[in-house]
Amino acid sequence: MAVAAPPQTNIQPTMKAQRLTYADYRAMPDDGTRYELVEGELRIMPSPTTAHQNVLLNLAVKLKAFAKEKDLGRVFVAPLDVQLSDDLCYQPDVLFVAKESKAKITEVDIVGAPDLVVEIVSPSSRRIDRKEKMENYAKHGAREYWLIYPETIFVEVFVLRDGKYEMLGRYGEGETMRSEVLSGLEFLTETVFE
């Protein structure tokens, strides 16, 4: 009696994905999806909401105008790669590179930690923004880190002290935000959310 051959399937054995380097990541074809590289693995970045984009645009305009007026450095917005190590690359929502750090700016990315990083927090990104990214930006020397919460019109500003972030301030409606890295920058918190 003949034994039937097992059915043919397209299922491949599960294999652990190979860790990517930043060079691998940069060599990938553009498929229209935004990614970050975290410990050698790709993380898909969802499309931002309209509230997110509104905050991003309002903040970027304020920061760029201030930095340009005072000749302090350059402001950029996502998507732009920030390579922190050979297996770690984020795309912060807004970032500032001080004039004295301008060597970090290349034609295609930022190599090393920006002086100021801003993440606009969504419910799905809260844990990553408040823990993973905060720790990695501190470890790599980003001098200031902002978390902006569009759903509550609230901003947290952290400054780097001895390799860890300390709270500089929490700002809500009717309060004036401040920055150490962009010394002299002040504005009412709610103006970012208009």
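Val38 stands opposite Leu88 in strand S5. I'm starting with that pair, everyone, as a way into the sheet. Please keep in mind that we are looking at a predicted model.

So where do those two residues sit? Strand S1, residues 34–38, and strand S5, residues 88–90, run antiparallel and are joined by two bridges. In general, strands of a sheet pair through backbone hydrogen bonds, either parallel or antiparallel. Here S1 and S5 belong to an open sheet of five strands, in the order S2-S1-S5-S4-S7, and the pairing is mixed. At the edges you'll find strand S2, 41–45, and strand S7, 109–111, each of which pairs on one side only. From one strand to the next, the twist averages 30 degrees.

Now, what lies across this sheet? Helix H3, residues 126–139, lies across S1, S2, S4 and S5. Relative to S5, helix H3 runs at about 125 degrees.

Let me zoom out for a moment. The protein has three helices and 13 strands in total. Its C-alpha atoms fill a box of roughly 85 × 35 × 30 Å along the principal axes. Of the 194 residues, 44% are buried. If we take the contacts with a separation of 6 or more, 50% of them come from residues 24 or more positions apart.

Please find the loop between strand S3, 73–77, and S4, which is the place of Pro79. The peptide bond leading from Ala78 into Pro79 is cis, with omega near 0 degrees.

Then we have two aspartates. Asp71 is in the loop between helix H2, 50–70, and S3. Its phi is near 55 degrees, a positive value in a residue other than glycine. Is Asp71 exposed or partly exposed? Its relative accessibility is 47%, and the cut-off for exposed is over 50%, so Asp71 counts as partly exposed.

The second one is Asp162, in the loop between strand S10, 154–161, and strand S11, 164–171. Asp162 also is not a glycine, and its phi is positive, at about 50 degrees. Because its relative accessibility is 84%, Asp162 counts as exposed.

My last stop is Lys104, in the loop between strand S6, 94–98, and S7. With a relative accessible area of 25%, Lys104 is partly exposed. Which residues does Lys104 touch, leaving aside those up to four places away in sequence? They are Asp109, Ile110, Val111, Gly112 and Ala113. Remember that S7 spans 109–111 and is one of the edge strands of our sheet. For a sense of distance, take Leu63, which is 41 residues from Lys104 along the chain: their C-alpha atoms are separated by 19 Å.

Technical notes:
Residues numbered from 1 in each chain as written. Predicted model: local features only at pLDDT ≥ 70, side-chain atom pairs only at ≥ 80, totals over all residues. Heavy atoms only, no water. Helix = DSSP H or I, 4+ residues; strand = E, 2+ residues; numbered from the N terminus. Buried < 20%, exposed > 50% of the residue type's maximum accessible area, 1.4 Å probe, protein only. Contact = heavy atoms within 4.5 Å. Pairing = 2+ DSSP bridges. Axes fitted to C-alpha atoms, helices over the stretch in contact; angles between N-to-C directions.
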